[in-house]
Amino acid sequence: MNTAANLYSSIDTIWVLLGTVLVFFMQAGFSMVETGFTRAKNAGNIIMKNLMDFSIGSIVFLVLGFGLMFGASYHGIIGIPDFFVRGNYSSTIPTYAFLIFQTVFCATASTIVSGAMAERTKFISYIIYSGVISAIIYPISGHWIWGGGWLSQLGFHDFAGSTAVHMVGGLSALRGATILGPRIGKYAKDGKSNAIPGHNLTIGALGVFILWFSWFGFNGGSTFSATGEDTLLTVTSIFVTTNIAAAVSATATMIVTWCRYKKPDVSMTLNGALAGLVGITAGADLISPIGAAAIGLFAGVIVVFGIEFIDKILKVDDPVGSIAVHGLCGAVGTILVGVFALNDGLLYGGGFGMLKVQTLGVFAVAAWVLLAMTIIFNLIKKTVGLRVSPEEEFIGLDITEHGLVSSYADFMPMSVSDSVLPSSIVNLPTKPVPDISVEKKTAIDSPSKVKMTKIALIIKQEKFEALKAAMTAIGITGMTVTQVLGFGMQKGAKYYRGVKVGAGLLPKVKVDIVISKIPVSIAIETAKKVLQTGYIGDGKIFVYDVENVIKVRTGEEGYDALQDEE
């Protein structure tokens, strides 16, 4: 450490601050990936969590976490607290430049957890465990690696945080998602995994590109210097290895999914790019471009089979693939430094020494994180609670946790997944559904002899899945769905930033159903049971007589035109 009389390097300081800005921008990337890969009804909640984990993480890291990580080492296990960072941690850069760079790294570790636990976690619970990760969990293992602790004394090498940042976040996500449980409808009664697609792949892709861009600051800025020929050579090498690992990993993932799914999977390939970036982060400064390509290849394959294993075998619901991308690829990338490092790697004549240390470090940090986060998550679960109610989860966390009708200005994309609904949401009538026998059908000699009725329902978007399931349960499978805007007698009154908004168009769903076989009264009563909350905005049901229906393809009319083909 420099004393106050030492001169700082302008170039080094600007270089570190530039890296800081890029790593901070990763928060936007993670926000976009998580939002795009999940459903629209939770978009605002995810944005809020990513905002607050950085905000709260910055506070607790300044107060406590930084000292635990970089304070004077106590037997190589933990740093002695230095509250509000009053000590001198400068080198060729000022203490505060070092502090802010480490702060944005800390925020990255905590935000990784958000994606795996998305769509069903209480907001207050997220605030608590995110703060604990930034204040205690990440700093303690970070001290072992970067703060002069016992792993660094053994020669453990994790240049920019494959283990220190990404594996810590990924394994925290694993424990959280396991204890939290899967989203409603994710797994069928027989254990089969159901797909719950995200609502905006474009936003997810934007997030990946932001992360790839920012990763050059994540890895490149970790040199803490940009002066001297050797340093400049290292920096340029880091940029190349970072990029080639991501590129090879994305390509490998594309090929694997193309072979397995018969089509190149877009969302999985996006995960593949991130997997390569995570994998190379530990050894970006010690590995050649060829070694980086090899690590990218490993990561690109691991992420596909890792996501499938976690989802289908472990039955852990991770909506965005955080556990495989950050947990598995972070661990594997760190271990492979012992194989591909140009100085002491196994393939370059260094023997098994470095490989053993890298493996030991990965398992030690994993044990710490899994044990500590198991305790933290269970404490939260038994106190404030970890998970929202089934009703809140089904409606969406935007409205239930934040009072946000929609995260989009006028329209919210509507999920059409066939989720299994909790019984507390859909209370279906028990009255049996009447049927028309073949004999009765043949007696119908004119479409006019069967009464046909159209019911048009204007409903809340979040109630559509429940309505669809309820209609299907009583034998109504055909419907036309339109997203509409409108307001009723209350003129769409709502609040925004605490101020009442006047007449305005609210996003609604219009469902048109033509009924001929099921009694209209049953359909209406079923709809009312599903839709009624007792609050303004439950919607309206309109009933019309239908003169005739013609099926264009066959020319059938009336009752026959409405029937499913055998």
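## Helix 11 against helix 12

Helix 11 and helix 12 (residues 353-382) pack with their axes 7 Å apart, at an angle of about 165°. That makes helix 11 roughly antiparallel to helix 12 (angles over 145 degrees count as roughly antiparallel, under 35 as roughly parallel, 65 to 115 as roughly perpendicular and the rest as oblique). Axes are lines fitted to C-alpha atoms, for helices over the stretch in contact, and angles run from 0 to 180 degrees between N-to-C directions. Helices (H or I, at least four residues) are DSSP runs, numbered from the N terminus. The model is predicted: local features need pLDDT of at least 70, side-chain atom pairs count only at pLDDT 80 or more, and totals for chains, interfaces and linings use all residues. Residues are numbered from 1 along each chain as its sequence is written, and side-chain values use heavy atoms, with hydrogens and water left out.

The crossing of helix 11 and helix 12 is right-handed (the near helix is turned clockwise from the far one by less than a right angle; anticlockwise is left-handed). Helix 11 brings Ala331, Thr334, Ile335, Val337, Gly338 and Val339 to the contact, and helix 12 brings Met354, Leu355, Gln358, Thr359 and Val362. Contact means heavy atoms within 4.5 Å. By class, this contact has 7 nonpolar, 4 polar and no charged residues. Ala, Val, Leu, Ile, Met, Phe, Trp, Tyr, Cys and Pro count as nonpolar, Asp, Glu, Lys and Arg as charged, and the others, Gly among them, as polar.

## Helix 11 against helix 6

Helix 11 (residues 322-340) also meets helix 6 (residues 162-180): their axes come within 8 Å and cross at roughly 140°. Helix 6 and helix 11 are therefore oblique to each other. Their crossing is left-handed. Helix 6 contributes residues including Ser162, His166, Gly170 and Ala177, while those from helix 11 include Ser322, His326, Gly330 and Thr334. The contact residues divide into 6 nonpolar, 9 polar and no charged.

## Cavities

How many cavities of 30 Å³ or more does a search of the whole structure find? It finds 2. On a 1 Å grid over the protein atoms alone, a cavity is a set of points where a 1.4 Å probe fits but cannot get out, and a pocket is an open set with protein on both sides within 12 Å along at least five of seven lines; lining residues have an atom within 4 Å of a point. A volume is the space filled by probe spheres set on the points.

The largest cavity holds about 90 Å³. Among its lining residues are Phe30, Glu34, Asn271, Ser322 and His326. Helix 1 (10-36), helix 9 and helix 11 each supply at least two lining residues. The second largest cavity has a volume of about 40 Å³. Helix 11 gives the most to its lining, with 4 residues. By class, that lining has 6 nonpolar, 2 polar and no charged residues.

## The second largest pocket

The second largest pocket has a volume of about 700 Å³. Its lining has 29 residues, with Lys186, Ser267, Met268, Ile307 and Asp311 nearest the centre. Helix 10 supplies the largest share, 5 residues. The lining has 13 nonpolar, 8 polar and 8 charged residues.

## Threonine 223

Threonine 223 lies in the loop between helix 7 (201-220) and helix 8 (229-261). Leaving aside neighbours within four places in sequence, threonine 223 is in contact with Trp15, Phe159, Thr234, Val235 and Ile238.
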